[in-house]
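Please consider the following structure together with its sequence.

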Amino acid sequence: MRKPRILWVDDEIDVLKAHIIFLESKDYEVETANNGLDAIEKVKENFFDIIFLDENMPGMSGLETLTEIKAASPNVPVVMITKSEEENIMDEAIGSKIADYLIKPVNPKQILLSLKKNIDQKRLVTQQTTSAYQTQFSQLGMRINDRLNYNEWVDVYKKLVHWEIELATSEDDAMDQVLAMQKDDANKAFFKFIKENYLEWLNKDFGERPLLSQDIFQHKIFPMLDAGQKVFVLIIDNLRFDQWRTISPVFEEYFRVESDDLYLSILPTATMYARNAMFAGLLPSEIEKVYPHLWEDDDNEGHKNRHEEELLRKQMERHRRKEKLYYEKGSGIRRDRQTSESLKNILDSDLSVMVFNFVDMISHARTEMEMIRELARDEKAYRSLTLSWFNHSSLRELIRSLAGNKIKLVITTDHGTIRVDNAVKVIGDRETNTNLRYKLGKNLNYKSKQVFEVRDPRLAYLPSRNVSTSYIFAHNSDFFAYPNNYNYYANYYKDTFQHGGISLEEMIIPLVTLVPKG
């Protein structure tokens with residue numbers, strides 16, 4: 001294994017002989033320079049893992065040397081060492097993207113700590129993270145196999161996502177695979193849990209069951225309005241809990257998290273059902289019965305959610321709410337003028353609701369475009385792409401602008417998504433819907449052990465096209481494919497992100513309340 005190479009630049013380098021011997025005894029290779037010009041030449045001619053640089057040297061100063069070093073080798077970490085504790089020197093050094101800042105006299109342990117932080121950090125983080133997950137692996141495994149209630153499932157899912165994000169920063173691929181298998185086990189057990197409880201929950205009152213899609217406005221948003229607060233609800237379609245955890249630090253630059261909750265999406269975990277239920281405050285069959293002109297057929301592409309604003313207004317009327325409502329839907333690709341107009345409308349309204357479909361667009365584009373599939377090849381990359389979009393979107397500018405106003409911000413979604421890899425055969429007639437994670441139709445042919453079947457849609461409060469209509473839901477990483485051209489579609493949709501079925505990722509989703517830091 002190659003020894004890490006250090007360049008130490010100091011006009012009194014001879015005084016540091018004991019430090020250099022100490023580092024060499026720790027298996028570091030140390031090269032020295034006693035002035036800035038020599039240091040720059042060495043950097044141009046050689047590779048170094050890290051540079052220790054004295055700030056106060058005759059001739060070319062440490063800060064001047066730093067500028068030239070960064071021009072020659074911009075990615076090498078530089079640790080500035082100085083006798084001065086003046087704030088302006090610290091600010092200038094930090095502004096030049098130094099890796100660390102030490103005050104003389106330095107002792108060997110300080111130097112060693114800086115080396116571990118800047119050279120060995122990734123290896124040490126990998127070791128520590130792997131060790132910590134290994135410690136919890138058995139405990140999580142035992143909990144997954146227990147008969148958990150809903151709140152316990154939420155806790156298990158939070159822990160799995162925590163380790164998924166932590167292990168993503170390490171370099172231990174083996175542990176990634178172990179975690180993936182544990183998540184697979186968890187989803188199998190969660191599927192059984194949903195099969196046993198879901199239909200019963202739908203007939204229970206709020207408070208005796210999990211928070212569901214139709215509860216969000218009545219039980220979470222309206223009480224904020226009752227308290228005299230202005231509320232902005234941001235619904236990011238298809239936002240998984242792990243994606244929220246990835247983008248949440250950006251929100252926390254401007255807002256303080258008041259509550260970081262999760263709720264349960266209804267079935268199917270698809271926009272038409274879950275989001276319409278959220279806006280209407282009713283389950284799908286209730287919407288169809290009460291507002292038949294606002295319910296579209298399942299395969300009416302492009303129109304399934306065109307009545308969201310009207311459904312929300314109807315819900316507000318039922319609850320005798322008089323607040324001024326502003327509603328907007330967009331892809332997330334906006335012009336500055338649109339952002340300015342949105343901000344004005346939000347500030348002028350009591351309740352504002354904005355739907356962003358960009359994450360959902362990434363999911364669909366990944367299925368259809370090879371380039372997007374490569375950019376979001378796995379969960380880690382999918383999270384990274386979501387963060388990149390948000391960081392460079394006009395939505396971030398809107399959020400920043402809102403932070404200066406006394407408006408509560410609620411971040412949520414209608415459902416999540418799961419990466420599928422196992423095709424399951426199903427046979428249906430030409431009226432069967434096209435979604436890969438759930439099917440509805442008459443005379444569906446399938447293996448009942450592989451699905452959650454609802455033969456009577458009324459039990460799940462789902463619309464029925466005719467007396468023979470039934471619904472089936474895929475679990476874990478399964479997706480439905482027809483026998484015709486089975487191999488083609490099995491390969492085409494394998495390793496794509498889909499929604500509509502039963503999994504932790506699709507059903508347990510964020511509902512976060514934030515308040516401005518100001």
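The largest cavity is lined by Asp429, Glu431, Gly441, Lys442, Arg465, Asn466 and Thr469. Here a cavity is a set of points, on a 1 Å grid over the protein atoms alone, where a 1.4 Å probe fits but cannot get out, and lining residues have an atom within 4 Å of a point. The volume of the largest cavity is about 30 Å³, where a volume is the space filled by probe spheres set on the points, and grid points are joined across faces, edges and corners. A search of the whole structure finds one cavity of 30 Å³ or more. Its lining comprises no nonpolar, three polar and four charged residues; in this classification Ala, Val, Leu, Ile, Met, Phe, Trp, Tyr, Cys and Pro count as nonpolar, Asp, Glu, Lys and Arg as charged, and the others, Gly among them, as polar.

The model is predicted: local features need pLDDT of at least 70, side-chain atom pairs count only at pLDDT 80 or more, and totals for chains, interfaces and linings use all residues. Residues are numbered from 1 along each chain as its sequence is written, and side-chain values use heavy atoms, with hydrogens and water left out.

The helices come next. Two packed helices are described by the angle between their axes and the distance between the axes. Helix α7 (residues 150–168) packs against helix α10 (residues 241–251) at an angle of about 55°, and their axes are 10 Å apart. Axes are lines fitted to C-alpha atoms, for helices over the stretch in contact, and angles run from 0 to 180 degrees between N-to-C directions; helices (H or I, at least four residues) and strands (E, at least two) are DSSP runs, numbered from the N terminus. The pair α7 and α10 is therefore oblique, given that angles under 35 degrees count as roughly parallel, over 145 as roughly antiparallel, 65 to 115 as roughly perpendicular and the rest as oblique. On the side of α7, Tyr157, Lys158, Val161, Glu164 and Ile165 make the contact (heavy atoms within 4.5 Å), while α10 contributes Phe241, Asp242 and Arg245. These residues divide into four nonpolar, no polar and four charged.

Helix α7 also packs against helix α17 (residues 379–391), at an angle of about 85° and with the axes 10 Å apart. The two are therefore roughly perpendicular to each other. Glu164, Ile165 and Ala168 of α7 meet Glu379, Lys380 and Arg383 of α17, a contact with two nonpolar, no polar and four charged residues.

In another pair, the axes of α11 and helix α13 (residues 308–318) come within 7 Å and cross at roughly 35°. From α11, Arg275, Asn276, Met278, Phe279 and Ala280 meet Glu308, Leu311, Leu312, Gln315 and Arg318 in α13. By class, this contact has five nonpolar, two polar and three charged residues.

The backbone remains to be described. The peptide bond from Leu267 to Pro268 is cis, with omega near -5°, and Pro268 lies in the loop between β7 (255–264) and α11 (271–280). A cis peptide bond also runs from Lys104 to Pro105, with omega near -5°; Pro105 is in the loop between β5 (100–103) and α5 (108–118). Asp27, although not a glycine, has a positive phi of about 75°, and Asp27 is located in the loop between α1 (17–25) and β2 (29–33).

Conventions
1 Å grid on protein atoms, 1.4 Å probe; cavity = no way out; pocket = protein on both sides within 12 Å on 5 of 7 lines; lining within 4 Å.
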